[in-house]
Structures are given as structure tokens and as C-alpha cells.
Amino acid sequence: MPKVTVSVRRFTPESDAKPRFETHEVEVGDRASVLDALFALQRGPCPDLAFRFSCRVGMCGSCAMVVNGREQLTCSTLVKNIGTTLKIEPLRNLPVVRDLAVDLKPFFNSYNRTMPAFVPRADLDHNTFYPIPHASKEGRRLNDQPQCIDCGACYSSCTLVTLNPRYAGPMALNRALSLVVDPRDSRRAERLNMVAGEDGAFRCHTLGNCGDVCPRGISPTHSIERLKRLAVLDQLSRPFKKWFSQAACSAEKFSKPLP
Ligand code: SF4
Ligand code: FES
């Protein structure tokens, strides 16, 4: 079985003055993931090593860490694709709970500030489905990027979050776009106000780190650019609101509701 040298960052805030790296050699299988290397450490020299995981198939987002300087889902990253030396650290921009486990509160607080829940318009019948066909005008406006799994990799990689922790960050803004462009949602104006605010989309300097590390292939930078354009158009159109309908659609414009 191949041997790999693994350096892990250890830190218990209650008892350690500062973080340290511990380095060990472990044996892993040919198709071992980075997460498997962490299990090997736990079974061997570091039985008390703390880290998060759940699904182990790249779906839940809980195993994201910084591996050799880059955010990765450790369950979906093969050791053989990285090399024989691994340096594993917790996600950046978040407080460490212990070792490789971080406190995700700041990440989800930013998410909550963008009002991430869908709120249906009052004029829609709540007992009726309003599907939006992909080929329709509304469908083309919707965010067509893959589904986010809330792993935090983009938040960790974002330099603007490092500089200003109040900045909403890539994942929250990506979610905001998917609701802003949904014609069935009623809180478009409030969402755009948040997006146009001091801690919103205009903080983004289009560095693109978020898209580079996203395990789902999402480009939050692209969503943020769209949000900036929509926020500017919204501000410019406000004096003329009586001529511009809010989401340019009404219930009648949807395709025939499902029975
Ligand atoms: S946008 Fe990508 S990197 Fe960011 S939380 Fe979602 S899945 Fe993770
Ligand atoms: S453990 Fe769920 S994504 Fe890795």
C-alpha cells in the first residue's frame, strides 16, 4: 500500500496558545481519498484528531478543508492526484472549533442576511404549481448554475471576506441571484437593496477564487456580476416604476399551471 506523509494543523482554542502542525506517515489504499488519509491518522497516531464529514460522496459539503493550499472536498479528492505529501488545514475565514473543524456560524449568518428563503408573491395561488419552462423568457433568466452544497470552500477562498468579514460572500450572493431572478418571488426589491448595500455585490473585485475552488463547478463571480447589473438597473428604473413592472411578469404569464 502507498505511504503518504500527512501534515495536519492541530489547535484546541481552549488549551493551545497557538496552532501547530503534526506530521505522520500513513499507509493508504490506491484509491484512497484525502478523507481516508485522515481516517488512517485517526486510527493510528492521532486518535483525537477532529474533522467533519458526513456523506462521503461529495453531496453534503461538510468535509471541505484546505489541502496543500487549496480548498477541496476531502472525500472526493484522491490522494494519488495530489502526491505523496499532504498538508491539511481547516477552512479559512472561519474560527476553528478544534483541529480541522471550523465554526460555520459567520458563513451562515452572511447567508441569512441575503434572505435565502423563497417567499411566494401574494397574487399567486398557493395551491397551484407555477413551473417555469427552461426555454421560456423567465426560464432563461433563472440562474442555471449547478446546485450549491453549502461547503464553504468559496467563502474560505475569498480575499474580500478576509478583508471585510461583513461582506456577504460568494455563496450567499449566488443564492441571492437565484431568488432575485425568480419571477414567483415577492422580495426582489429587498434582496436587491441588500445586494446594492455596503456589504453586498459591489464589494466583489472579481478575483474569481470562488469559482476556481467550487467543487460543483459554480461560478459565484458570474452570479455577482449579474447581481451588480440588476442592482444598477433597479436603481435607475425606480423613478419610472409605473412603466416597469417589478419582475416583468404576472401570474398569467406563466405557462399553464399543472392540474
Ligand atoms: S458555491 Fe460552490 S464552493 Fe461555494 S458553498 Fe456552494 S458548492 Fe461550496
Ligand atoms: S463528506 Fe459529504 S461532501 Fe464530503
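**Figure 1. Left-handed crossing of helix 6 and helix 7 in the predicted model.** The crossing of helix 6 and helix 7 is left-handed. The model is predicted. Helix 7 covers residues 188-196, and its axis comes within 10 Å of the axis of helix 6, crossing at roughly 150°. Helix 6 is therefore roughly antiparallel to helix 7, since angles over 145 degrees count as such. On the helix 6 side, the contact is made by Leu173, Ala176, Leu179 and Val180. These meet Arg188, Arg191, Leu192 and Val195 in helix 7. By class, this contact of helix 6 with helix 7 has 6 nonpolar and 2 charged residues, and no polar ones.

**Figure 2. Packing of helix 2 with helix 6.** Helix 2 is formed by residues 105-113. Helix 2 and helix 6 pack at an angle of about 25°, and their axes are 8 Å apart. Helix 2 is therefore roughly parallel to helix 6, as angles under 35 degrees are classed in this way. The crossing of helix 2 past helix 6 is right-handed. Ser110, Tyr111 and Arg113 are the residues of helix 2 in the contact, and they meet Met171, Ala172 and Arg175 in helix 6. Sorted by class, the contact of helix 2 with helix 6 has 3 nonpolar residues, 1 polar residue and 2 charged residues.

**Figure 3. Burial of helix 6.** How many of the 11 residues of helix 6 are buried? The count is 10, so helix 6 is largely enclosed by the rest of the structure. The buried residues of helix 6 are Pro170, Met171, Ala172, Leu173, Asn174, Arg175, Ala176, Leu177, Leu179 and Val180. Among them are Met171, Ala172 and Arg175, which meet helix 2. For the chain of 259 residues, 33% count as buried.

**Figure 4. Loop between helix 7 and helix 8.** Two residues of this loop are shown, Gly197 and Thr206. Gly197 is partly exposed, with 14 other C-beta atoms within 10 Å. From Gly197 to Lys105 the C-alpha to C-alpha distance is 21 Å, and the two residues are 92 residues apart in sequence. Thr206 has a positive phi of about 55°, although it is not a glycine. Is Thr206 buried or exposed? Thr206 is exposed, because 10 other C-beta atoms lie within 10 Å and 12 or fewer is the criterion for exposed.

**Figure 5. Loop between helix 2 and helix 3.** Met115 lies in this loop, which runs from helix 2 to helix 3 (137-141). Met115 is not a glycine, yet its phi is positive, at about 55°. With 17 C-beta neighbours inside 10 Å, Met115 counts as partly exposed. Ala135 is found in the loop between helix 2 and helix 3 as well. Ala135 counts as exposed, with 8 C-beta neighbours inside 10 Å. Ala135 and Lys228 are 93 residues apart along the chain, and their C-alpha atoms are separated by 24 Å.

**Figure 6. Overview of the chain for placing the close-ups.** The secondary structure of the chain comes to 9 helices and 7 strands. The C-alpha trace spans about 70 × 40 × 30 Å along its principal axes. Among contacts in the chain with a separation of 6 or more, 65% are between residues 24 or more positions apart.

Technical notes. Residues are numbered from 1 along each chain as its sequence is written. Chains are lettered from A and ligands numbered from 1 in the order in which they are written. This is a predicted model: local features need pLDDT of at least 70, side-chain atom pairs count only at pLDDT 80 or more; totals for chains, interfaces and linings use all residues. Helices (H or I, at least four residues) and strands (E, at least two) are DSSP runs, numbered from the N terminus. A residue is buried if 20 or more other C-beta atoms lie within 10 Å of its own, exposed if 12 or fewer, and partly exposed in between; C-beta atoms are placed from the backbone. Two residues are in contact if their C-beta atoms, placed from the backbone, lie within 7 Å. Axes are lines fitted to C-alpha atoms, for helices over the stretch in contact, and angles run from 0 to 180 degrees between N-to-C directions. Angles under 35 degrees count as roughly parallel, over 145 as roughly antiparallel, 65 to 115 as roughly perpendicular and the rest as oblique. A crossing is left-handed if the near helix is turned anticlockwise from the far one by less than a right angle, and right-handed if clockwise. Ala, Val, Leu, Ile, Met, Phe, Trp, Tyr, Cys and Pro count as nonpolar, Asp, Glu, Lys and Arg as charged, and the others, Gly among them, as polar.
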